[in-house]
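Dear colleague,

I am passing on a structure that you have not worked with before, and below it I have set out what was found in it. Please look through the model first and then read the notes alongside it.

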Amino acid sequence: MSLQLGAMEGVRENLLRKTAENRSKQLSSGNSYEETITSVLDKISKGQSAGTSSGADLLRKITNEENGSSNVAQLLAGSSDYTKKAALADQVKSFVQDMQVLAKQGEGSLFIKSKAVTLEAQEAFDLSCTADGPSFSLEVKQLAQSQKNVGCDVELAADSGFLVGRKYFDFTIDGKTTSLVIKVSEGDTAKDVMTKLVSAVNRADCGVTAQLVSSQTEPGKGHIEITCNGTGAPIKGEDKVFYFTNQSQEDVVAQFGLNEMQQEGKDAIFNFNHAQEDTTYMYNSALIDGTVSVEFKKVTDGPVEVSFDYDYDSLSQALENYVTAYNNLKKAVQKSDYKTVENYFSQIVKETKSSKETLASLGITVEAGGTLQYNSGFLYQTDMAELKSLLNDSETGYASRIQGKAENLSKYMDRLTGKTKKYYGLRAKKSNAHLRQLLNS
């Protein structure tokens, strides 16, 4: 049995990953007419209903049109036909996804020994398996953690005290240095300069995230917090994972306490299978035999013995989710007016009714009205190999028999909503020309 750690090339691959990939740009919601109009028109052009938009009433006021009149009102109402088909498509998608969990591609999580036997192991580690989990011993003596710097609190509204001009400083992380610069303008407050510092650090995408934080104890004051995006101790020869160096006559680094470390970076220290030497690693994770991923959740009180058994709870939840999705789709199809959809789903219903005995062994009852009822008590009394056969046997397994029919229904709904969206999108574009005329008049 082997313990495998991630590739160490580049010293700290995850640490230096660009933070830009994890940051999303957020537009201010505001009350801007332009933003509201753009949002509503975008919905309309996609064939969606804009009637639920918070800007709908505002748009009516701007165009001076009453509810229920002219092209604008029709566009705001959207296409009820498209909305109905889109809602039905969502129900089909949910049903197919829950069905596929039970089908053969779900074997990796449902039909292998993947659940830690003891509560102690479950509390100490997050474990996931791609094959039957092996037995091993693991003791976590120290968790890896990120370095975090917290600067000093300053009066945000006060004058920055810096002369107008550029201020230069370096940022070093794991021995790699990046030169940074900010420009102090006339009248800049301390908050203005701190905001520029935060922006400069984040724009550099060097492996840390900076933010300006208001003081919890002193109103009107604030400080800069900088947190390393990855865990782990400093590289050899350094006492910090990251630090700043001033390169100007005026010391912006010292002024705002950018090097004040609140939490040091640490490596994880753990022992695998009672080894003579502990393992030191910058991440709180390991891979056992290439099949078991382990995430450390806490320092353990001595070695924890880990073994695995079948996860009946997850299989039970998957069956319950499927029954709910099936019943919801059945109800939605009955309310719809789409004959072809009914025909596709009727094949699934027919197969389900003919599988009463199989479903009963899984704890699923087909009721008189055709809906399904799930009782988890049956499941825990059945051998996992038998359960796998009941669901996945190529000839008699319930999930295997309906899989193709469910996917055919899904493909049809994709075609149906795709055509509808295109039709209403084209119609909306024509009407939008009139709408824009009104908005610009």
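D289 is partly exposed, with a relative accessible area of 31%. Please bear in mind, here and in everything that follows, that this is a predicted model. D289 sits in the loop that runs between strand 15 (285-288) and strand 16, and its phi is near 55°, a positive value in a residue other than glycine. A second case is H274, which is not a glycine either and yet has a positive phi of about 55°. H274 belongs to the loop between strand 13 (268-272) and strand 14 (279-281), and with a relative accessible area of 52% it counts as exposed, because the cut-off for that class is over 50%.

**Salt bridges**

Side chains of opposite charge can pair when their charged atoms come close. Counting a side-chain nitrogen of Lys or Arg within 4 Å of a carboxyl oxygen of Asp or Glu, the model comes to 9 salt bridges, and I describe some of them here.

In one of these, the side chains of K115 and D313 meet at 2.5 Å, N to O. Since K115 lies in strand 2 (residues 113-116) and D313 in helix 9 (residues 312-335), this pair ties together parts that are 198 residues apart in sequence. Both partners are partly exposed, K115 at 26% relative accessibility and D313 with a relative accessible area of 40%.

Another salt bridge joins the side chains of D126 and K297, at 3.7 Å, N to O. D126 is in strand 3 (residues 125-129), while K297 is in the loop between strand 16 (292-296) and strand 17 (304-306), so the two tie together parts that are 171 residues apart in sequence. D126 counts as partly exposed at 42% relative accessibility, and K297 is partly exposed as well, with a relative accessible area of 39%.

Is each partner of the salt bridge between D188 and K196 buried or partly exposed? Their side chains meet at 2.6 Å, N to O; D188, at 8% relative accessibility, counts as buried, whereas K196, at 26%, counts as partly exposed. Beyond such pairs, salt bridges that share partners join E351, R401 and K405 into one network.

**Helix 10**

E351 from that network is also one of the buried residues of helix 10, which are V341, F345, I348, V349, E351 and T352. An α-helix has 3.6 residues a turn, so residues three or four places apart point the same way.

**A charged patch and a contact in space**

E120, E123, D301 and E305 form a negative surface patch. Of these, E120 is found in helix 6 (residues 119-124), where it is partly exposed, with a relative accessible area of 43%.

Finally, A204 lies in helix 7 (residues 190-204) and counts as partly exposed at 25% relative accessibility. A204 and T178 are 26 residues apart in sequence, and their C-alpha atoms are 7.8 Å apart in space.

Note on methods:
Residues are numbered from 1 along each chain as its sequence is written. This is a predicted model: local features need pLDDT of at least 70, side-chain atom pairs count only at pLDDT 80 or more; totals for chains, interfaces and linings use all residues. Side-chain values use heavy atoms; hydrogens and water are left out. Patches are made of residues with over 30% relative accessible area and no salt bridge: like charges are joined within 9 Å, nonpolar side chains (Val, Leu, Ile, Met, Phe, Trp, Tyr) within 5 Å. Accessible areas come from the Shrake-Rupley method with a 1.4 Å probe; for residues, only the protein chains shown count as cover. Lys and Arg count as positive and Asp and Glu as negative; His and the chain ends are not counted. The place of a charge is taken as NZ of Lys, CZ of Arg, CG of Asp or CD of Glu. Helices (H or I, at least four residues) and strands (E, at least two) are DSSP runs, numbered from the N terminus. Buried means under 20% relative accessible area, exposed over 50%, partly exposed in between (1.4 Å probe, protein chains only).
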